[in-house]
Amino acid sequence: MPRTLPAQPHPLAEYEGRIDPAKVYTLRQLAELMELAPSSLSGMARYGWLPGSRMRPHRRGGRTYTWTGKQLVRLAARTIRVEYDHEQYSAATLYRVGCRCPACKKAHSAATTERKRALSGAAFTEEQRNRVVELVSGQMPVAEAAAEVGVTLAQVYGRAVWDADFADRLDEAAWSLCVLGEDDPSCSLPSAYRGKKTGPTPRAACRGTGCREWRRAQARQERAAA
């Protein structure tokens, strides 16, 4: 059964400072402000969480909710009694208003990941990714290749965490960075990764794919031990 909680701040409260009192907000614009799906915001409006709306014709047909900025500011200052009713509201919406059940936390995590990936794609385009791979294949270190195309090293490796295709292409390209060569028996060992600054045969630290794989495995072991 739905569980009614004591009165709590309105879901709009944390966005009050971003609301323009002189503006008229459509449902889609308000959903974007609150980082919600339009369908979730529509449900909030239907069930009385956003009273005072008006309906106006949509340019593509049908009608849409609208609110003035002044209305939204007033609503943001109110308290609201929320029912965590998973049959009426989406899990993502209920998370936004305080539900922390496993289903709502999972929905929030998925929505956050999707949003971050969309932003990552816009900031690190396919053309830039292809160029990074091309430069690394030509023996340019990954950090230098990232700077060359106008992105950060964190963006490159962050993308590789969840984009398997890009990660595979980057790893294949980075074999060109092996200091000793991928067929050398010392490749992928700590001595190769760390390099050698002194002695008769000094050697730069290796950041080729084999040595980076060794370092990743080592980091996992260190985290597990900690």
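User: Which residue meets the side chain of Arg212 in a salt bridge?
Analyst: Side chains of opposite charge can pair when their charged atoms come close. A salt bridge needs a side-chain nitrogen of Lys or Arg within 4 Å of a carboxyl oxygen of Asp or Glu. This is a predicted model, in which local features need pLDDT of at least 70 and side-chain atom pairs count only at pLDDT 80 or more, while totals for chains, interfaces and linings use all residues. With 3.4 Å from N to O, the partner of Arg212 is Asp171.

User: How many residues apart in sequence are the parts that Arg212 and Asp171 tie together?
Analyst: Arg212 sits in helix H11 (residues 209-225) and Asp171 in helix H9. Helices (H or I, at least four residues) are DSSP runs numbered from the N terminus. Residues are numbered from 1 along each chain as its sequence is written, and side-chain values use heavy atoms, leaving out hydrogens and water.

User: Are Arg212 and Asp171 buried or exposed?
Analyst: Buried means under 20% relative accessible area, exposed over 50%, and partly exposed in between (1.4 Å probe, protein chains only). By that rule, both Arg212 and Asp171 are buried.

User: What is the relative accessibility of Glu222?
Analyst: Glu222 meets Arg215 in a salt bridge (3.4 Å, N to O). Glu222 counts as partly exposed because its relative accessibility is 39%.

Notes: Helices (H or I, at least four residues) and strands (E, at least two) are DSSP runs, numbered from the N terminus.
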